[in-house]
Amino acid sequence: MTFKLSIIAVIFSVSSLFAQSNKATDYLSPQFHKEKRDAFRLKMPKNSVAVFFSNPLRNRANDVDFIFHQDPDFYYLTGYNEPNAVLVVFSEKQILSDGTSANEILYVQEKNARREQWTGIRLGIKGAKKELGFAVVKNGSDFLKAEITFSKFDTVLYKEFQNDVRDENNEVANLYQLISTFKTQIDFDKESNAQNDPAALKTVNPTTSTPVRKTKLDTKSMLNFMAAMREIKTDEEIKLITKAVRISAMGQREIMKAMHPGMSEMEVQGVHEYVYKKYGSEYEGYPSIVGAGNNGCVLHYIENTKLKVENNLVLMDLGAEYHGYTADVTRTIPANGKFSIEQQLIYDLVFQAQEAGIAAVQLGNSFNAPDAAARNVITEGLVRLGIAKSAMDARRFFPHGTSHHIGLDVHDPGTYQAFKPNMIVTVEPGIYIPIGSDCDKKWWGIAVRIEDDILTTTKGPINLSAEAPRSSSEIEKLMLEKSILDSFLLPKLD
């Protein structure tokens, strides 16, 4: 290293310390991540190794990337929030190439003063040991040296590879290279080419003519193990998810007070997301959905380009992400502050369905119980109102499921069996009547979804997002309140 580069490194390191000193302190603890690695290890077969890769950097356009978001399983097990990394977990302790023993290794991005000046501070080996509590941390370049002999294990666990990893030539030991090295080590091409020919997987010792043990490549067990672990939340996780949910509920409350027919869908989105930032939420958990009128009939409508919401119902499905954990809260409100007769009939039907769905979130009940309860209410109501002709016909107006887990993913993995304590799930019935539907035109363009985040407990379901009004009367009452944003006027731009 030249003297000039050394000076750059020192200056950047010192300034970085000051820049990073005033940060939130309520992240998951290193002990949390360690306990999860230990729990995962207990699920592993004997003489096996599991390999987790970080998420790739994804390109937005030209030389600009999207903001990096860590693979949720990787974050869950490590707390490491940088790209170009590998976690290796052994079922039993192994003797490493340097003679030390370990049951896990974290491979990280190398420290690089020039790169950090452009893209931010890297933990490096020392930082990962200090901040994340790993005993054995190495640079990614060590993984490229193929220091792990994967063929000596009975089973190698990993996720199926995706085709969205670029070869970043300006990065030492980038994710593309890490995965390529791993594929070579496990004879991935040979294995994948032989999947349709089981006989090709059998190898024979040419000297003794006896079968040679073949390492099993397992892409399924890791997913199952992580789903079973992640569906049950710890107290630490519940605290973070509750924070994300309450932030999201506050966003819903503020837009109820600020809403008026002249707003654009994008402005509605902006109010929510401003509230998120005000409370310290780093990101949105998923693209924000703001659909006025018929746009609300598109379940994952994210364009949000309608210039005026007018006197429509506005369906707002948004969730703040706080320290990696996301909420998922939906409210549907009348832009002018008052439900029309048709709007209220549909809204109140969905509300009744949601009440039934939430009541069904009881320990031991099937995960499908909230859907069955909510769907019964909606089906009966749609037939009674003459919108649907039968139960089968009603399904087209309520085409999605009612519940899913939330956590590090907005659709968090889980076994989706019976409810157990400390799960956090959504209950989100909806009715969507697109323009042109086979029913009276007075219903056309009405879309309603109400979604809350529910914690399962021995004392029954707890609605974590209850601070955002749900009933039609409560919504109309809050919409009468003055908004602090009423005086937030910007100059017109021609």
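Helices (H or I, at least four residues) and strands (E, at least two) are DSSP runs, numbered from the N terminus. This is a predicted model, where local features need pLDDT of at least 70, side-chain atom pairs count only at pLDDT 80 or more, and totals for chains, interfaces and linings use all residues. Residues are numbered from 1 along each chain as its sequence is written, and side-chain values use heavy atoms, with hydrogens and water left out.

**Annotated domain**
- UniProt, in an unreviewed entry, places "domain: Aminopeptidase P N-terminal" at residues 28-167. Such annotations may be inferred rather than shown by experiment.
- Residues 28-167 are 30% helix and 25% strand. The end C-alpha atoms of this stretch are 31 Å apart.

**Packing of α2 and α9**
- Helix α2 spans residues 30-43 and helix α9 spans residues 221-230. They pack at an angle of about 130 degrees, with axes 10 Å apart. Axes are lines fitted to C-alpha atoms, for helices over the stretch in contact, and angles run from 0 to 180 degrees between N-to-C directions.
- That angle makes α2 oblique to α9. Under 35 degrees counts as roughly parallel, over 145 as roughly antiparallel, 65 to 115 as roughly perpendicular and the rest as oblique.
- Contact (heavy atoms within 4.5 Å) involves Lys36, Ala39, Phe40 and Lys43 of α2. From α9 come Met222, Phe225, Met226, Ala228 and Met229.

**Confidence**
- The protein chain averages a pLDDT (the predictor's confidence in each residue, from 0 to 100) of 92, and 91% of the residues score at least 70.
- Residues 1-19 have pLDDT below 50, with 10 contacts beyond near neighbours in sequence.
- Residues 193-202 also have pLDDT below 50, with 4 such contacts.
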